[in-house]
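My entries follow in the order in which I made them.

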Amino acid sequence: MKDVLLFTDVNGIAGWGRYGGSYKVATELRKAGFTVQTIDVFGEWTVDELKLLIDKFVDKNTLYVGFSNSLMVKQPTDKDYPTACVGTNIEPISHAYAQMFSQPDSIMWDLFKYIKNKGTKIVVGGAKAGYSQSFEEVDYWVVGEGDVSAVTLAQSFKTGKEFKTVDTKLLLETDYPYLDCEHSEIIWDKSDLLFPREALPIEFSRGCPFRCSFCRAPNIGRKRGTRSVRHEVLREQLFRNYENFGTVDYMVSDSLTNETPEKIINLHKAITSLPFKLELSAHFRLDLLSKNKFERELIEEMGVKVAFFGIETFHTEASKIIGKNFTREKAIENLNFLKEGWKNKVRIRASFIVGLPAEPEKSIWETFKWCTSKDCPLDGFSFYPLSVGDPDRFGLKTSLFDASPEKFGIRKLRYRVPAKFWEWETDQMTYSRALNICKEMAKELTEHNPISETFLGRIVNLGYSLEDIINRKYDSKEFGPRRRKLIEAYKHNLIHGE
Ligand code: SF4
């Protein structure tokens, strides 16, 4: 039996991969002396299997059963994966956020009752926690970063100590901030059932010093150069994962890896002094890289194999509005500079937003045409429609566009249910048109665009090297059965293991 049972999932995308946030919370709980069983691929279990796991790990002494829903979406069908994999399944992903868990609501109600009958509390954390409290059985919702709240709850349930809530059920990140990013690490436990050489998420630092107008990433606009993991802690973690699991592939979870030249210099120093080589995929800002050109070499040397750039637009005015300040010529010049140095050793991926204020449709198609041209330095790209939602109650996941769309020339027309985004219009476009443009592009992209950057580590986990799959398209016939086999092995080990 365990003190805490933690359900997690990353079910909207292809392959196999873990959500770092859930395992970070498990690490904090274990460090505080609690026993934790993580249960991954939540959406893949049947109700009977889930009840069996609850019987196996939960008794009256269990402090709570937690659900980490940041990357839980409506369970995709096999048909959805190919487009999800190239980053072009526009509607399904945005719609998916309307669903709180990766199991349908009817199953959740049944499951919650089952857990309650054991006399155990239910806690839900993750990006969607606190948006809606429509599940009455949930005792507490952890809103924002859960590193401290998760431990506070376990300690309070054990000792009866009081803790602070808002509206009796919400624990806010602002009341329980995580102040120890310097020592942030995930300690993977044997009971997490990692596969040999599994590609893992890793955090070099949290948050981002910028505040691009469309961005809802957590902890943006923070002080530059803060919330970074100490290099001794990082190296120790990399060593431990290498020795215990043979891991060298990492999906870097930083919203922005090159926020300062010092960060890149220090990471390069820490990583290149390891006795083994890493393979990383990570997010960068193109404008910063073009100011600090020397970083090109360091990034390659530290093992980045896939560099991802959220360029969003080549339109000068639109770029200014979102806070990226590019001209088409400058952005292309910088991408060519990177390609010249990196050749095929570091693959370059980029994403663009369709429908930004001030950008006419003609300019978007011009960008698309350039992306698909023979000499384009990009190895992969995706286009998404601009989404405008409602500001969240605590301002933790709200973009500037969400907060004051009218300031940017965006007019809200009607609420799209169940997508939970606004149909909007600007002087140039509507959301519906932006969505259709993306769909038109998606038809072409699925034909030739390789697997999107975010998912490469997840496909590596199906039993490939990065080189094997870096330029491949999603192949459901080959990847699907491999994924299913992994899931079955994981389920078997969890049900029949100690
Ligand atoms: S888009 Fe990237 S650079 Fe801009 S605020 Fe978000 S994470 Fe930071």
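Entry 1: I looked up H2 and H5 and found their crossing to be right-handed; a crossing is left-handed if the near helix is turned anticlockwise from the far one by less than a right angle, and right-handed if clockwise. H2 and helix H5 (residues 105–117) pack at about 20°, and their axes are 11 Å apart. That angle makes H2 roughly parallel to H5. For the wording I note that angles under 35 degrees count as roughly parallel, over 145 as roughly antiparallel, 65 to 115 as roughly perpendicular and the rest as oblique. Axes are lines fitted to C-alpha atoms, for helices over the stretch in contact, and angles run from 0 to 180 degrees between N-to-C directions. Helices (H or I, at least four residues) and strands (E, at least two) are DSSP runs, numbered from the N terminus.

I then turned to helix H1 (residues 20–31) and helix H6 (residues 147–159), which pack at an angle of about 45° with axes 9 Å apart. H1 is therefore oblique to H6. H1 passes H6 in a right-handed crossing.

**Entry 2: basis of the model.** I record that this is a predicted model, in which local features need pLDDT of at least 70, side-chain atom pairs count only at pLDDT 80 or more, and totals for chains, interfaces and linings use all residues. Residues are numbered from 1 along each chain as its sequence is written.

**Entry 3: strand E3.** Is E3 enclosed or open? Five of the five residues of strand E3 (residues 64–68) are buried, so the strand is largely enclosed by the rest of the structure. I use buried for a residue with 20 or more other C-beta atoms within 10 Å of its own, exposed for 12 or fewer, and partly exposed in between, with C-beta atoms placed from the backbone. Tyr-64, Gly-66 and Ser-68 lie on one side of E3, Val-65 and Phe-67 on the other, and both faces are covered.

I checked Gly-66 in E3 by its count: with 29 C-beta neighbours inside 10 Å, Gly-66 is buried. Its C-alpha atom is separated by 19 Å from that of Ile-495, 429 residues apart along the chain.

Next I looked up the partners of E3; two strands pair if DSSP finds at least two bridges between them. Strand E1 (residues 4–7) runs parallel to E3 and is joined to E3 by four bridges, with Val-4 opposite Tyr-64. Strand E4 (residues 121–125) also pairs with E3 in the parallel sense, over five bridges. Here the bridge partner of Tyr-64 is Lys-121.

**Entry 4: the six-stranded sheet.** I traced an open sheet of six strands in the order E7-E8-E9-E10-E11-E12, with parallel pairing. Strand E7 (200–202) and strand E12 (380–385) stand at the edges with a single partner strand each, so one side of each is left without a neighbour in the sheet. The twist averages 20° from one strand to the next.

Within this sheet, strand E9 (residues 279–284) pairs with strand E10 (residues 304–312) over five bridges in the parallel sense, and Ser-281 has Val-306 as its bridge partner in E10. Strand E11 (residues 347–354) and E12 pair in the parallel sense over six bridges, with Ala-350 opposite Phe-381.

Although E12 is at an edge, six of its six residues are buried. Gly-380, Ser-382 and Tyr-384 point one way from E12, and Phe-381, Phe-383 and Pro-385 point the other way.

**Entry 5: positive phi.** Most residues other than glycine have a negative phi. Val-41, in the loop between strand E2 (36–39) and helix H2 (47–57), has a phi of about 40°. Val-41 is buried, with 20 other C-beta atoms within 10 Å. Arg-227, in the loop between E7 and helix H7 (231–245), has a phi of about 60°. Arg-227 is buried as well, with 22 other C-beta atoms within 10 Å.

**Entry 6: the ligand.** Which residues surround the ligand? I list Cys-208, Phe-210, Arg-211, Cys-212, Cys-215, Ala-217, Ile-220, Ser-255, Leu-256, Arg-285 and Gly-310; a residue is near a molecule or strand if its C-beta atom, placed from the backbone, lies within 6 Å of it. By class, this shell has seven nonpolar, two polar and two charged residues. Ala, Val, Leu, Ile, Met, Phe, Trp, Tyr, Cys and Pro count as nonpolar, Asp, Glu, Lys and Arg as charged, and the others, Gly among them, as polar.
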